[in-house]
Each structure stands twice: as structure tokens, then as C-alpha cells.
Amino acid sequence: MKKFLAVLAVAALVAFAAPAFAANPFMDVPAGHWAYDAVAQLAADGVVSGYPDGAFKGAQPATRYEVASVVARALATIDMEKASKQDVEMLKKLVMEFKDELDALGVKVDKIDKRVAVLEDGVGGWKIRGQFRFDAKFADSDNDVYQYNGTGNKNEFSKERFRLYLTKTIDENTSFYAQYRTGGDSSGRMGRAWGDINDGGRWSHLYVDTKLPYDVAFRVGRFAVDFEDDYGFYIDNDAVFGDFRVDGFRFKKDWGMMSATAVVGRNDNASDTIDPLDVMTYALDLHFQPSEKFFGGVTGYWMQEDGNGTVGDLDVNTYAAYAAFSFTPNIALKGMYYFQDLGDDIPQANSEDSPNAWKAILDIKQDALKFTSLWVEYSEQDNTFWDSLLDRYSIAGSQADYVAQNFTRNGGTSKWIFAKAEQKWNDKFSTFLRYANIDFDTANLDDATEFGGGIGYQYTPAIYFELCYDQVDHGDSRTGNNGGFTDTESVIRFRTDVNF
């Protein structure tokens, strides 16, 4: 390839970079030359350079090493906000074509790949990502009910999760996001179904983000409201309260140490005693973080039932206060307190119309203990607390057995303990141990205990395998919302996760 032609190919790629034409520094590329503009542009951007004698020598054949050098320097000049998808695709082809030469020149191709990935995220085209999960489960049950398997069979092979994530950058302030879920873990679906991808799916998230005057971040569409997750108040599954979706609007404003988030929407999937489609939800979170060591805030949720034919007072107001303090970057103590005001016609209000719940968490990262991380969580909640998530601490949400299967709405106060230790041994192998226990504070109902552990192997950056064992002991007494479970359920699960 002639050097002029190679330069033109690269010039076509970096044409979307801010042009900074300057006088052509090469004496053998005079004004009026057919390649003058391209050479001048690339010289001004530092992409091409000439020989010590001031010549460009564009008529000479370009070596692969010369073209590779030009490609590497071109990558550094690209303005991602102006690059088109076609530009980036062509650049990727050049990187692949000259991979060996770039390696020989000491240019880290993997870094270039990451740079190209960043460019792809910034271009105006659609971006599609996904996750596929397949579980093979071998269960055991003292009563032959096999609570870990949705089919009730002893063994179950299921396409447990398939999710598609679609994003598009519309302009510098506006983006689109959509998430389609199907599979057994199709969280957010009415009824929270067990099962396979044949059970149907839904668009669990579908929204546009943009910016309003005064730097107010604005979101419209279907999105999750989960402040516990936003501020790191749970791992695995799930929040005490929240983690629901609304169809509506979100406004967020930051003032440095302070931020405010307001939500107005129709509730999409929160449910306990109210049809979620009949609920207007208003939420306001005020978050304060004066330093890296401390943050705190307050949150209010106002859910107002307005369905046709509704009789009575079914409104529920929930208020929360939270705080976290980091003793070191790797050791933190966190706490959250909730209280509610239940409408007079909420069924559990007959026992208690202002229930509360709270939890305290010790979060220690592996960097502190060296061999393991440690999450220890203790919580209490009045059993009348409305819409608390009962499948928390489960290995697969409501798709698996969990300690609160026998939870009963009554005047008691349940006590929950959860601990998890994770060990990351290297880039490939990791292990974990889990323990959960609940004291239902309910007459004639035994405590339930769960424990388990597993080993994970990151085969490639996209593929992850996990083998785990989990067991729930429901005790000997039988009562509870689901008719009551007794004795022990267990499962050996082999999981394959593929992210693409």
C-alpha cells in the first residue's frame, strides 16, 4: 500500500475528530496535491510525521509497521462524541489487521480493544448486551415436595434466566435503556413466577434519561425504585422494603454533599394486600454524604390506592432513615430504620397500624481480612410490616426455598440473622459460605435455618460456572402463609452464566 493511500484510510477515520488544519509541514506535499488536506489534518493531530529531511515520501510503499503506528496514534485522537458506528467498526478492523505489528511495536492491543469498547459505548448506534443462565438442580426433600425446584420434581434442568439489555445514546444528555427479562428469575413479573423461559417475559425496565435545566437529571418510563440497593444495604437477595418498579417520572438533583431524588409513578409490581396496578407511588429520598467515611439520609414512600370500586382506606406510607460509617475503606457499619402508617382497611392494621423494621450490617471487605470478606446482618421487623420482602437471603429469590416460607402476618416481631463470607482466591476461583436464620415470634412455629456454600470458576471473562449446596431446615411445626413447611429441603446446583 502506498503511504498516501494508508494515510487517506486513517484520515477517513479521524475526520470526526475536531479538525485542526495547519500549514502542511511536508515539502513534498504541496498545496493542491490531492492528499494535501488529509496529510495536513493528520500532521496537525500528531497522527503522522515525516522524515528528518522534512519530506513525507507519500509515494513510497508503506510498511505494515508504518500503518500500524498511524493506527495506534489515530486511536488517541478520536472524539468519541463525534464517531459514528461505521467509523468505529472500520477502526476495529484495522486494529485486528495490524494486531501483530502493534504487539511488536509495544502497543498494548488489549488497551486498544478497551478504547474501542469505550468508543462503541459512546457512538450513536444501538448497544445490545445480554445474560444467559442455565441451572441444573438436584434436590432432596424430607417430604418429597422439593421446594428448590419450581416443577416440584426431584431434579430440574432449567433455562433460568435470559436478559437482554438495550442502550442507545441519543445525544450528549439523553440516553435510552431497556431490559427484557424472561426465565424463572423474571423478577418484576406479576406473580413472580417460577419456571422456564417458556413462562413468558416482560420489559422490566424501559426508560429515557435526559437532563433538565438547573442540571436536574430526569428519567421517564418504567424503572426500579430500590434505595437499599443504591446505597449498598443488601447483597444477594433482597431489600427489606423497596425493589419495585414504577411507570412514571424520576427527578434527581445533586448539590455536592447533598442530593435529592423524587419519584412519581404508578406502581408496577409492589404488592402485598393491594393490586399493584391500582397504586400511585410518590417517593422522596434526601441523601447526605459530607465525607468518604459517612453518609446518611431519609426516604419517604407514599402509596395511595385509587382503583375503581375501592372501598376503605388502603393507603400505606413508609418512612426510612439510614446511615453508614466506614472505619476504614474496607470496614463499614450500616443501619436502616423503617416505620409505616397503614390505612385503616389494610388487613394487618387490625393488629398493628404503625409497624416498624430495622437492620444493622457489618460489612468487611476481603482486603481487610485478606482471606475472606464478611457480611453480617441482623434485622427485626414487626410481622405486620407491609410488603416486606420475605425471600431475602435466598440463593435465587422466590425461585428457591428460603427461611421465611412459614412467615405469618401477626402481632409478633420476627428476628433475622444473615451472614455471608466470600473468598476470591485468584482471577479464576472463588468460594462462599452462607447462613440465615429466622425466629418468627409466632406461637407453635419453629425457627428456620438455612446454610450453604459453593465454589465458582470464571472460565473466561464471559463464562462463569458455579457448584453450590444449599439447605433449609423449616423445623417441626406447621403453620404459615403458604400452608406450612416442615423438615429439611436441600439442593445441589450447577450453574452456568454467560454474559455477552
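Of the 500 residues in the protein chain, 47% count as buried, meaning under 20% relative accessible area with a 1.4 Å probe, protein chains only. This is a predicted model, in which local features need pLDDT of at least 70, side-chain atom pairs count only at pLDDT 80 or more, and totals for chains, interfaces and linings use all residues. Residues are numbered from 1 along each chain as its sequence is written, and side-chain values use heavy atoms, with hydrogens and water left out.

Colour the chain by secondary structure: there are eight helices and 18 strands (DSSP runs numbered from the N terminus; helices are H or I with at least four residues, strands are E with at least two).

Next, select Val225, Tyr338 and Ile438. In the largest nonpolar core, which has 53 residues, these three touch the most other members. Such a core is a set of buried Ala, Val, Leu, Ile, Met, Phe, Trp, Tyr and Cys residues joined through side-chain atoms within 4.5 Å. Strand β10 (residues 316-328) gives the most to this core, with four residues.

Stay on Tyr338. Leaving aside residues up to four places away in sequence, Tyr338 touches Glu228, Val240, Phe241, Thr318, Tyr319, Ala320, Asn356, Ala357 and Phe385; contact means heavy atoms within 4.5 Å.

Now select residues 356-364 and 374-382, strands β12 and β13, which run antiparallel and are joined by eight bridges. Strands pair if DSSP finds at least two bridges between them.

Finish on Ser379 in β13. Lys359 stands opposite Ser379, and in β14 the bridge partner of Ser379 is Trp416.

Methods. Buried means under 20% relative accessible area, exposed over 50%, partly exposed in between (1.4 Å probe, protein chains only).
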